[in-house]
Amino acid sequence: MTVHIHIHIPANLREYTDGRTSVEVTGEQVGEALHQLCASYPPIYDRLLSDSGQLHSFVNVFMNGRSIRDLDGLNTKLEEGGSLLIVPALAGG
């Protein structure tokens, strides 16, 4: 079942989404939602996903407050009205 969800875009990635703070997408799984985001905003692809379409190790995605790594990864089923939050690791020292 295809559902509608919002993906919340962190400040350091908004330059790749034309400044948007949130993007609405549809899909059945987290991976589909992220790929739809990347199809709408191609420059963000390399920031989130590897050449093989897998989530970069330095990017965390939370669905309704839970890390998808603790669920079923990119295969995690989406929930109608839910949200995804992208949290890329920040380097510093």
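I take helices (H or I, at least four residues) and strands (E, at least two) as DSSP runs, numbered from the N terminus.

**Ground rules**

I am working on a predicted model, so I note the limits: local features need pLDDT of at least 70, side-chain atom pairs count only at pLDDT 80 or more, and totals for chains, interfaces and linings use all residues. Residues are numbered from 1 along each chain as its sequence is written, and side-chain values use heavy atoms, with hydrogens and water left out.

**Overall fold**

I looked up the elements and found 2 helices and 5 strands. From the N terminus the order reads β-β-α-α-β-β-β. The radius of gyration is 12 Å, close to the 12 Å from the globule rule for 93 residues, so the protein is as compact as a globular protein of that length. That radius is taken over C-alpha atoms, and the rule is 2.2 Å times the number of residues to the power 0.38. The C-alpha trace spans about 40 × 30 × 25 Å along its principal axes.

I then checked burial. Buried means under 20% relative accessible area, exposed over 50%, and partly exposed in between (1.4 Å probe, protein chains only). Of the 93 residues, 41% count as buried.

Contact means heavy atoms within 4.5 Å. Among contacts between residues at least 6 apart in sequence, 49% join residues at least 24 apart.

**Core**

A nonpolar core here is a set of buried Ala, Val, Leu, Ile, Met, Phe, Trp, Tyr and Cys residues joined through side-chain atoms within 4.5 Å. The largest one holds 26 residues, and Ile7, Val30, Leu37, Leu48, Leu84 and Ile86 touch the most other members. Two or more residues each come from strand E1 (3-8), E2, helix H1 (30-40), strand E3 (59-63) and strand E5 (83-88). H1 gives the most, with 5 residues. In soluble globular proteins, nonpolar side chains tend to be buried together.

**Val61 and Ser67**

Val61 sits in strand E3 and is buried, at 1% relative accessible area. Beyond four places in sequence, its contacts include Val30, Leu34, Leu84 and Ser67. Val61 and Pro88 are 27 residues apart in sequence, yet 8.3 Å apart in space, C-alpha to C-alpha.

Ser67 lies in strand E4 (residues 66-67). Ser67 is buried too, with a relative accessible area of 12%. Not counting residues up to four places away, Ser67 touches Val61 and Phe62.

**Gly27**

I checked Gly27 in strand E2 (residues 22-27). Gly27 counts as buried, at 3% relative accessibility. Setting aside neighbours within four places in sequence, Gly27 contacts Met1, Thr2, Val3, Glu32 and Leu78. Gly27 and Ile5 are 22 residues apart in sequence and 8.2 Å apart in space, C-alpha to C-alpha.

**Positive phi in loops**

Most residues other than glycine have a negative phi. I looked at two residues with positive values. Asp18 has phi near 55°. Asp18 is in the loop between E1 and E2 and counts as exposed, at 68% relative accessibility. Asn64 has a phi of about 50°. Asn64 is in the loop between E3 and E4 and counts as partly exposed, at 38% relative accessibility.
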